[in-house]
Amino acid sequence: MSALGRIFGKGKNAKGKAPSPQEAIQKLRETEEIMVKKQEFLEGKIQQELATAKKHGTKNKRAALQALKRKKRYEQQLSQIDGTLSTIEFQRESLENATTNTEVLKTMSEAAKAMKEAHQHMDVDKVDDLMADITEQQELAQEISDAISRPMGFADDVDEDELLAELEEMEQEDLEKELLNVGEDEPAKLPSVPATRVPTVPALEEEEWNLETRRHKVLNIGTLRQAAFQCQNASKVEEDEDDDLRELEAWAS
C-alpha cells in the first residue's frame, strides 16, 4: 500500500467510523510533508535536466531535446503538486478552524449550564426580599444607635431659657452689691514715685532713661487722677445715701 493510501485511509479503516478532527488534521499534516518532499525532488530533477540540455546543446540535439522533454514533464507534475498542496493546506486550516469553533461552542455550552445551575436556586423575587430585609435591619440598627446615644434623666426636663434667666438674675444681684460696697472699700494705694537719683549713664542711655521716667510719671499721674475721680464718685454716692436717710428719718418722725 502506498503512502498516500495509508494517509487517506485505504485499508481496514476505510469502512469504519470517521476519524476525529484531530486525527484528520494529523493526516493532512503528514500529507503536506510528503507533498513538500515531492516538490523538492521534482525541483531537483528539473535543475538536473536543464543542466543536461545545456551540456549537450547543439552538439547532441537529440539528448538535449530528451532532457527538455523530461524537464517539461517534471514541471507539470510540480504544478499539480502545488495545486494539491494548496488544497490540502486550505482543508487543514478549515478543519482546524472548525475544531476551534467546536471547542469554543462546547466551552460556552458548559459555561451556560454552569450558570444555569448556579441560578437554579436563585429567584429575583427572593433577592429583592433579601435586599429589603437587609435595608430594614440596617434602619433598625440605626434607630437603636440613636436611642442609645440619646441623653436621659434630669437633662431632658431642664429648660435652658429658664437657666439663662436665673443666671442673668444672679449677675444683676452681684452688680448691685458691688455698687453698694463702692464707698466701703479701702482707697487703692497709689504707686509711689521714685525719689532716688538714677546712677549716671552715658548720654544716649541717660536720655532714653529720662524718656522712660517721664512716661512712668505720666502714667502715675493718670492713675492718681483716676483714683481721685473714683473717690469723688464714692463720696458723692455716700452723700446721696446720707440725704436719703435723712429724708427717711424726717418722714418717719
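The following questions and answers concern a predicted model.

Trainee: Which elements give two or more residues to the largest nonpolar core, and which of them gives the most?

Mentor: The largest nonpolar core has 9 residues, among them Leu28, Met35, Tyr74 and Leu78. Two or more residues each come from α2 (21-56) and α3 (61-118). With 5 residues, the element that gives the most to this core is α3.

Trainee: Over the face of which residue does Arg73 lie, and at what distance from the ring centre?

Mentor: The ring belongs to Tyr74, which is also one of the core residues. Aromatic pairs number 0 in the structure. Arg73 lies over the face of Tyr74, and its distance from the ring centre is 5.7 Å.

Trainee: How many residues apart are Arg29 and Glu96, and in which helices do they lie?

Mentor: Their side chains meet in a salt bridge, with N to O at 2.8 Å. This pair links distant parts of the chain, with Arg29 in helix α2 and Glu96 in helix α3, and the separation is 67 residues.

Trainee: What separates Glu75 and Lys71 along helix α3?

Mentor: Glu75 and Lys71 form a salt bridge, and their closest N and O atoms are 2.6 Å apart. Glu75 is partly exposed at 29% relative accessibility, whereas Lys71 is buried at 14%. Because they are 4 residues apart in helix α3, the separation is about one helical turn.

Trainee: How much accessible area does the nonpolar surface patch with Ile134 have?

Mentor: Ile134 lies in helix α4 (residues 124-149). Its relative accessibility is 38%, so Ile134 counts as partly exposed. Met122, Val127, Leu130, Met131 and Ile134 form the patch, and their accessible area together is about 450 Å².

Note on methods
Residues numbered from 1 in each chain as written. Predicted model: local features only at pLDDT ≥ 70, side-chain atom pairs only at ≥ 80, totals over all residues. Heavy atoms only, no water. Patch = residues over 30% accessible without salt bridge, like charges linked within 9 Å, V, L, I, M, F, W, Y side chains within 5 Å. Areas by Shrake-Rupley, 256 points an atom, 1.4 Å probe, with all protein chains shown as cover. Salt bridge = Lys/Arg side-chain N within 4 Å of Asp/Glu carboxyl O. Buried < 20%, exposed > 50% of the residue type's maximum accessible area, 1.4 Å probe, protein only. Phe/Tyr/Trp six-rings, centres within 6.5 Å; stacked < 30°, edge-to-face > 60°. Lys NZ or Arg CZ within 6 Å of the ring centre and 35° of its normal. Core = buried A, V, L, I, M, F, W, Y, C linked by side-chain atoms within 4.5 Å.
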